[in-house]
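Subject: Model for your review

Hello,

Here is the structure for you to look at. My notes on it follow below.

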Amino acid sequence: MDNPIRVLVGKVGLDGHDRGVKVVASALRDAGMEVIYSGLHQTPENVVRAAIEEDVDVVAISILSGAHMTLFPRILELLNGKGRDDVLLCGGGIIPEKDREELMKLGVGNLFGPGTPTTEIVAYLEKEIAARRGK
Amino acid sequence: MSKMNKRREEQERYRTLSDIPVDRLYGPEKPDEKIGIPGSYPFTRGIHETMYRSRLWTMRQFAGFGTPEDTNARFRYLLQKGQTGLSTAFDMPTLMGYDSDDPISLGEVGVEGVAVDTIEDMETLFAGIPLDQVSTSMTINGPAILLLAMYIVAAERQGVPPEKLRGTLQNDILKEYIAQKEWVFPPRPSMRVITDMLAYCTEHMPLWNTISISGYHIREAGSTAVQELAFTLADGFAYVEAGIEAGLDVDDFAPRLSFFWNAHNDFFEEIAKYRAARRIWAKRMKNVYGAKKERSWMVRFHTQTAGCTLTAQQPEINIARVAYQALAAVLGGTQSLHTNSMDEALALPSEKAAKIALRTQQVVAHETGVTNTVDPLGGSYFLESLTDRMEEEAERYFREIDERGGVIAAIEEGYFQKEIADSAYQYQREVEKEERIVVGVNAYKEDEKIEIDLLHIDREKQTDQLKRLQSFRARRNNDEVDQALAAIRKASETGENLMPPILDATRKGATLGEMVNVMRGVFGTYREPAVF
């Protein structure tokens, strides 16, 4: 692709479970995307600042701490506050179905659960970003 | 051969279901020296001569949620049901040394475990529980010294001296940098804090297990069984070396070190891992560190089934996975066991799922008959060969770590982290290419609507905890607290043992976050190399 998809993959809050985020980061990189990994223990403010500075298409957040109902809405609010609702916020982790539906209603993109093939995540991002860039 | 305390067997006779007698031990007349016999060096076949015929493993299920009152109620319920060991899960802010009202704690207070900010929280957590009569396991690492101090002071206020406290502090900071990633200070000052604790506990807490050297999290982060074995034992060697360097006698502290392993899917490889761990540790403690006490040579360990093998797809199948993993732990000679709940890939365990998990261990213990003879798999051509092979592979890693300048240098360059991330990614690719079958995930898939009841966490609890913390701060003497914090700062700088000033500050009402901040001011913070 001439203009590769730029993704910030991030860990927000105190959660140190980074197996999934690293696997996804490697898979996105191997699929030809430009991947920036935030490292652990970031605040929503840090992540949004980095997303804007790095001019990414996607912010993909991994949360396995149970704090998803606080942190996803906060990131969304900060992105929107900066006028960057063009950035796709999506993610994954241990997120119960009900919470997932609620977050998606707020405007969060897909939230992938355990066992998701990385190919499915790649395909989703390619499709979403193509649609957004086509606008 | 001297036996420290020969334990009585529970039954007079052991028999199969068809009434064939079962002996305590099977093996050659002249045991192979490399393998040995149960209860004797090098402990390949287990650390006890009579093993589960004398006492079953401890069934220790990890619990903690919400406020200290909530967890206290759960503890009292478990004790009423005959459980004698408690296992405490702290919430993320506590694990990282932040108070509940720190901005970074937002959304995480009391969610994944219980919030403990103050000595009063610790007292509430164990209210009505006589601390000289239970053994308490606390999963805490970065700020372990502070939580230990709170536990000591809570006991003191019950009239129980530290000499009588029984339990285990996880306190394994090295695996935090390697895998679990809940640290507070950088690696080198953390090791100093740990040796301060080792020195204090060796003198004052003879019944306390000071470090639970953990492979569990290394495995969950994606390592192989060999990496789990090697990295964990390497961490153990690093603690022993730190203790010796701090001037302690190895036989004074090594008997209180214990281990915590994962029980994953590959049945025989897991059993071989536990056996290899016992043999490697015994040899190293005896021959390299010069330990003379048998107890210093022994790997005593807790096991937990592998959370990362649980699938969100068709979650009921997880019950079968957990059962096989539990069986591997028992055949590997574990001293205690936590079995995971089937719903853990979806949410925190519901009460029903947690009960099924406990019942699974009880089936292994009482119905399968595997406890009737000691180390029933010992001498299996396959298992012994796999045990040897894992030992060799681990030795290869020890040499690699030495060449990199030891465990801490290897952590600082991101060596373990990269090894583990590579293994995790390779595993994922194998699953996606269907070179490995995961039932319900890449084979035997079903379109399903998941219909199990999940635990819901009440987010109002966060507000309760914040109010409690504010009220505590309003009631204490702030001048006294400031002086006590200054003493912690001074000890951090000068290198005198941190335990006495921390105990004092805890009594005066310094909070977890306040004490951590003072120490962080001296020791600094840590940011890992973010490799993937």
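**Confidence**

In chain B, residues 1-5 have pLDDT under 50, and the model gives this stretch nine contacts beyond four places in sequence. Please keep in mind that the model is predicted. Over chain B the average pLDDT is 93, and 98% of the residues score at least 70.

**Interface of chain B and chain A**

Between them, chain B and chain A bury about 3100 Å², with 57% of this on carbon and sulfur atoms. Three residues, B:Glu108, B:Tyr425 and B:Phe532, supply 23% of the area that chain B buries against chain A, more than any other three residues. In residue terms, 43 residues of chain B and 36 residues of chain A take part in the contact.

How many salt bridges are there between chain B and chain A? The count is one. The partners are A:Asp18 and B:Lys181, whose closest N and O atoms lie 2.6 Å apart.

Which elements of chain B give two or more residues to the side that touches chain A? They are helix 2 (92-95), helix 5, helix 7 (216-220) and helix 16 (415-432). Helix 16 of chain B has the largest share, eight residues. By class, the side of chain B that touches chain A has 24 nonpolar, seven polar and twelve charged residues.

**Helix 5 and helix 6 of chain B**

Helix 5 (residues 173-180) of chain B also packs against helix 6 (residues 187-204) of chain B, at an angle of about 145 degrees and with the axes 9 Å apart. From helix 5, the residues in contact are B:Ile173, B:Leu174 and B:Tyr177. They meet B:Pro187, B:Ser190, B:Met191 and B:Ile194 of helix 6. Sorted by class, this contact has six nonpolar residues, one polar and no charged ones.

**Salt bridges**

Over all chains the count is 48 salt bridges. One within chain B joins the side chains of B:Lys273 and B:Glu270, at 2.6 Å from N to O. Why are these two placed to meet? B:Lys273 and B:Glu270 are three residues apart in helix 10 (residues 267-287) of chain B, so about one helical turn separates them. Side chains of opposite charge can pair when their charged atoms come close.

Regards

Definitions and conventions: Residues are numbered from 1 along each chain as its sequence is written. Chains are lettered from A and ligands numbered from 1 in the order in which they are written. This is a predicted model: local features need pLDDT of at least 70, side-chain atom pairs count only at pLDDT 80 or more; totals for chains, interfaces and linings use all residues. Side-chain values use heavy atoms; hydrogens and water are left out. Axes are lines fitted to C-alpha atoms, for helices over the stretch in contact, and angles run from 0 to 180 degrees between N-to-C directions. Helices (H or I, at least four residues) and strands (E, at least two) are DSSP runs, numbered from the N terminus. Contact means heavy atoms within 4.5 Å. Ala, Val, Leu, Ile, Met, Phe, Trp, Tyr, Cys and Pro count as nonpolar, Asp, Glu, Lys and Arg as charged, and the others, Gly among them, as polar. Buried area is the accessible area (1.4 Å probe) that two parts lose on being put together, summed over both. A salt bridge is a side-chain nitrogen of Lys or Arg within 4 Å of a carboxyl oxygen of Asp or Glu. pLDDT is the predictor's confidence in each residue, from 0 to 100.
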